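Have the viewer open and follow along.

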Amino acid sequence: MMKGAERCLQCGKRVYPMEKVVCDSKVLHKQCLRCSHCNKQLSLGNYASLEGQFFCKPHFKQLFQLKGNYSEGFGKKKQQHAWEEKKRAAVGGGEANLSLGDEEKKQQQQRAVHAQENEANRDSFRKRMEEQRKAKEAQEEEKKAKEEEERKEQYRKKREEMAKREEERKRTEAEERKRKEDRKRLEEERRRKEEEERRSRAAAAEKKRLQEEEQKRQKEKEEKERRQKQEEEKKKRNAEEKKKR
C-alpha cells in the first residue's frame with residue numbers, strides 16, 4: 001500500500017483521484033458523500049455540513065426547524081447543557097467524583113436517549129412528509145378532477161356550439177331554398193301573366209281584324225247595293241225616256 005494514501009472519512013478505505021471529492025477539507029468517495037438523515041447521495045453543489053456530518057439541504061433545514069437550533073435538531077446536546085457540564089467540571093461538582101465506569105455508563109445512556117430522540121424526530125419528520133405527500137396527491141387529484149370537469153364543460157360547450165352552427169346552417173339552407181322557390185314562383189307567375197297578356201293582345205288584335213273585315217264587307221255590300229240601285233234607277237229612267245219617245 002502506498003504511503004500517505006488518502007482515506008475516506010466515511011468508509012475508511014483508500015480514495016483514488018478519479019473517485020475523490022473534498023468537502024469542508026474532508027476527503028470522501030463520491031458515493032460515500034450521502035445525507036446522514038436520508039442517505040441520499042450528494043454532490044458538491046447540494047449539501048450542507050455540521051461538525052463533520054453531511055446533509056441534503058432540505059433535511060438540513062427541516063432538522064433545524066424541528067428544535068430551532070443546530071445542536072438539538074441534529075442529535076447533539078443543547079449548548080446550555082454543554083455549558084452547564086463545563087461549569088460543573090470547572091467547579092469540581094459532584095459529577096467530577098464519579099468513577100470512570102459510571103461516567104461511561106451515563107454517556108451511553110445519554111447517547112441512547114439522543115438516539116431515541118433522533119429516531120422519534122425522524123419518525124415525526126417522515127410522518128409530516130407523508131402527510132404532505134398525501135395532501136399534495138389529494139391536491140393533484142382535485143386539480144385533475146377540476147381539469148377533467150373543465151375539459152368536459154369545454155367539450156359540452158363545443159358540442160352545443162357545433163349543434164347551434166349546424167342548426168343555423170340548416171335554417172339558412174331552408175331560407176335559401178324558400179327564396180329560390182319564391183323566385184321560381186314569381187318567375188312562373190310573371191311568365192304566365194306575360195303569356196296571358198300576349199294572348200289577350202293577340203285575341204284583341206284578331207277581334208279588331210275581324211271587325212275591320214266585317215266593316216269592309218258591310219261597306220262593300222252597301223256599295224254594291226247602292227250601285228245596283230243606281231243601275232235600276234238608270235234603267236228605269238231609260239225605259240221611261242223610251243216610252244216618251
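Let's begin with Cys 11, which counts as partly exposed because its relative accessibility is 36%; here buried means under 20% relative accessible area, exposed over 50%, and partly exposed in between, with a 1.4 Å probe and protein chains only. Before going on, note that this is a predicted model, where local features need pLDDT of at least 70 and side-chain atom pairs count only at pLDDT 80 or more, while totals for chains, interfaces and linings use all residues. Residues are numbered from 1 along each chain as its sequence is written, and side-chain values use heavy atoms, with hydrogens and water left out.

So what is the closest cysteine sulfur to that of Cys 11? It sits in Cys 8, 3.7 Å away, which is too far for a bond. A disulfide here is a pair of cysteine sulfur atoms within 2.5 Å, and the structure holds 0 of them.

Cys 23, by contrast, is buried, because its relative accessible area is 0%. Together with Val 21, Cys 23 makes up the covered face of strand β1 (residues 20-23), leaving Lys 20 and Val 22 on the uncovered one. Strands (E, at least two residues) are DSSP runs, numbered from the N terminus. In a regular strand, side chains alternate between the two faces of the sheet.

β1 pairs with strand β2 (residues 26-29) in the antiparallel sense, over 4 bridges; pairing takes at least two DSSP bridges between two strands. Val 22 has Val 27 of β2 as its bridge partner. The hairpin has 2 residues between the strands, and Asp 24 takes a positive phi near 50° there.
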